[in-house]
Amino acid sequence: QVQLVESGGGSVQAGGSLRLSCVAPGYIYSSSCMGWFRQAPGKEREGVAAISTGGGSTYYADSVKGRFTISQDNAENTLYLQMNTLKPEDTAMYYCAASSASCSRPLLLWRLAYSYWGQGTQVTVSR
């Protein structure tokens, strides 16, 4: 049963922007770390960004640093990913995930640490 619900994906041209949203039930949103992952066809799922739900510390993959911003609305149990200056290589299915482990940049590399996942939202960037 899907417990995290993503939205906001779509098709844009290179250089454009999209904002992804992820709504989680309270008992999941209170997890220590929430993040965004993506998976392109034929590639492994990779961490994009993560945020500590308690302290607000953020972590990014080098490939998106300076272009993507992860944020949260604790009142609405909602996670966001603002994606600017999109590139064709950003094309992928984007997933929201939650982990009870302490948030850190290495946690972006350890998807098995995330217990809850959404079903994903597709982002397609054309040249």
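**Rings and charges in a predicted chain**

Counting salt bridges in this predicted model gives six.

Visitor: Let's start with the fold. In what order do the elements of the chain run from the N terminus on?

Guide: The secondary structure amounts to one helix and 11 strands. Reading from the N terminus, the order is β-β-β-α-β-β-β-β-β-β-β-β.

Visitor: What radius of gyration does the chain have, and what would a compact globule have?

Guide: Along the principal axes, the C-alpha atoms fill a box of roughly 40 × 25 × 25 Å. A compact globule with 127 residues would come out near 14 Å, so the chain agrees with that at 13 Å.

Visitor: What share of the residues counts as buried?

Guide: The accessible surface of the chain is about 6300 Å², and 47% of that belongs to carbon and sulfur atoms. As for the 127 residues themselves, the buried share is 43%.

Visitor: Now the rings. Which geometry do F37 and Y114 have?

Guide: A pair of aromatic rings is described by the distance of the centres and the angle of the planes. A search of the whole structure turns up five aromatic pairs. For F37 and Y114 the centres are 4.8 Å apart and the planes stand at 75°, so with over 60 degrees as the cut-off the pair is edge-to-face.

Visitor: How many residues apart are F37 and Y114?

Guide: F37 belongs to strand β4 (residues 33-39) and Y114 to strand β10 (residues 114-117).

Visitor: Are F37 and Y114 buried or exposed?

Guide: The cut-off for buried is under 20% relative accessible area. F37 has 0% and Y114 has 4%, so F37 is buried and Y114 is also buried.

Visitor: Which residue has its charged end over the ring of Y95?

Guide: Y95 is in a cluster that ring pairs build from F37, Y95, Y114 and W117. A charged end sits 3.7 Å from the ring centre of Y95. The face of W117 has a charged residue over it too, at 4.9 Å from the ring centre. For Y95 the residue is R45, and for W117 it is R45 as well.

Visitor: On to the charges. Which residue forms a salt bridge with R38?

Guide: Side chains of opposite charge can pair when their charged atoms come close. The closest N and O atoms are 2.7 Å apart, and the partner is E46.

Visitor: What N to O distance goes with D62 and R105?

Guide: D62 is exposed at 59% relative accessibility, and R105 is partly exposed at 34%. D62 also forms a salt bridge with K65, where the closest N and O atoms are 3.4 Å apart. For D62 and R105 the distance is 2.9 Å.

Visitor: How far apart in sequence are the parts that D62 and R105 tie together?

Guide: D62 sits in the loop between β6 (58-60) and β7 (68-73), R105 in the loop between β9 (92-99) and β10. The pair therefore ties together parts whose separation in sequence is 43 residues.

Visitor: Which residues do salt bridges with shared partners join into one network?

Guide: R38 and E46 form a salt bridge, and both belong to the network. Its members are R38, E46, R67 and D90.

Definitions and conventions
Residues are numbered from 1 along each chain as its sequence is written. This is a predicted model: local features need pLDDT of at least 70, side-chain atom pairs count only at pLDDT 80 or more; totals for chains, interfaces and linings use all residues. Side-chain values use heavy atoms; hydrogens and water are left out. Rings of Phe, Tyr and Trp (its six-membered ring) pair if their centres lie within 6.5 Å; planes under 30 degrees apart count as stacked, over 60 as edge-to-face and the rest as tilted. Helices (H or I, at least four residues) and strands (E, at least two) are DSSP runs, numbered from the N terminus. Buried means under 20% relative accessible area, exposed over 50%, partly exposed in between (1.4 Å probe, protein chains only). A charge sits over a ring if NZ of Lys or CZ of Arg is within 6 Å of the ring centre and within 35 degrees of the ring normal. The radius of gyration is taken over C-alpha atoms; the globule rule is 2.2 Å times the number of residues to the power 0.38. Accessible areas come from the Shrake-Rupley method with a 1.4 Å probe; for residues, only the protein chains shown count as cover. A salt bridge is a side-chain nitrogen of Lys or Arg within 4 Å of a carboxyl oxygen of Asp or Glu.
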